[in-house]
Amino acid sequence: MAKPIDPDPRGTLRGGLPDRYLTPDDIADMFGVPLETVYQWRRKRTGPPGFRIGKHVRYDPADVRAYVSQRKSACQSAA
């Protein structure tokens, strides 16, 4: 029996690494920001690192998790 698809990418990341790469839409939903913000992060190289598969941008969940950990550490050390 196939594993059911979790419609909430945040729940997928909390439960473990998903078996697929994340899309820009997933990242926008996860962080609660507009999709255009995700594209701006990519242009400015300030958000989670993404990569291209043909014309599509994808994000490795492990890289997104590392990005969040890094941001948390930076915020805690600044406080």
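**Entry 1: H2 against H3**

I looked up which residues join helices H2 and H3 in this predicted model. On the H2 side I found Pro 24, Asp 25, Ile 27, Ala 28 and Phe 31. Their partners in H3 are Leu 35, Val 38, Tyr 39 and Trp 41. Sorted by class, this contact has eight nonpolar residues, no polar ones and one charged.

I then checked the geometry of the two helices. H2 covers residues 24-31 and H3 covers residues 35-44. Their axes come within 8 Å and cross at roughly 110°. Angles of 65 to 115 degrees count as roughly perpendicular, so I noted H2 and H3 as roughly perpendicular to each other.

**Entry 2: H2 itself**

I listed the buried residues of H2: Pro 24, Asp 26, Ile 27, Ala 28 and Met 30. Pro 24, Ile 27 and Ala 28 I had already written down as residues that meet H3. Just after H2 comes Gly 32, for which I noted a positive phi of about 65°.

**Entry 3: salt bridges**

How many salt bridges does the structure hold? I found two.

One of them joins Asp 26 to Arg 20, with the closest N and O atoms 2.7 Å apart. I checked how accessible each partner is. Asp 26 has 11% relative accessibility and counts as buried because the cut-off is under 20%. Arg 20, at 36%, counts as partly exposed.

Another joins the side chains of Glu 36 and Arg 43, at 2.8 Å from N to O. Here Glu 36 is partly exposed at 41% relative accessibility. Arg 43 has a relative accessible area of 56% and is exposed.

**Entry 4: aromatic pairs**

I counted three aromatic pairs. Tyr 21 and Phe 51 form one of them, edge-to-face, with 5.1 Å centre to centre and 85° between the planes. This pair links distant parts of the chain, 30 residues apart. Tyr 21 sits in the loop between helix H1 (9-15) and H2, and Phe 51 is in strand S1 (residues 51-53).

Phe 31 is partly exposed, with a relative accessible area of 30%. Tyr 67 counts as buried at 12% relative accessibility.

Which residues form an aromatic cluster? I found Phe 31, Trp 41 and Tyr 67 in one cluster. Phe 31 and Trp 41 were on my list for the contact of H2 with H3 as well.

**Entry 5: the whole chain**

Last, I went over the protein as a whole. I noted four helices and two strands, which follow the pattern α-α-α-β-β-α when read along the sequence. Of its 79 residues, 24% count as buried. I also looked up contacts in the protein with a separation of 6 or more, and 40% of these are between residues 24 or more positions apart.

Conventions
Residues are numbered from 1 along each chain as its sequence is written. This is a predicted model: local features need pLDDT of at least 70, side-chain atom pairs count only at pLDDT 80 or more; totals for chains, interfaces and linings use all residues. Side-chain values use heavy atoms; hydrogens and water are left out. Axes are lines fitted to C-alpha atoms, for helices over the stretch in contact, and angles run from 0 to 180 degrees between N-to-C directions. Angles under 35 degrees count as roughly parallel, over 145 as roughly antiparallel, 65 to 115 as roughly perpendicular and the rest as oblique. Contact means heavy atoms within 4.5 Å. Ala, Val, Leu, Ile, Met, Phe, Trp, Tyr, Cys and Pro count as nonpolar, Asp, Glu, Lys and Arg as charged, and the others, Gly among them, as polar. A salt bridge is a side-chain nitrogen of Lys or Arg within 4 Å of a carboxyl oxygen of Asp or Glu. Buried means under 20% relative accessible area, exposed over 50%, partly exposed in between (1.4 Å probe, protein chains only). Rings of Phe, Tyr and Trp (its six-membered ring) pair if their centres lie within 6.5 Å; planes under 30 degrees apart count as stacked, over 60 as edge-to-face and the rest as tilted.
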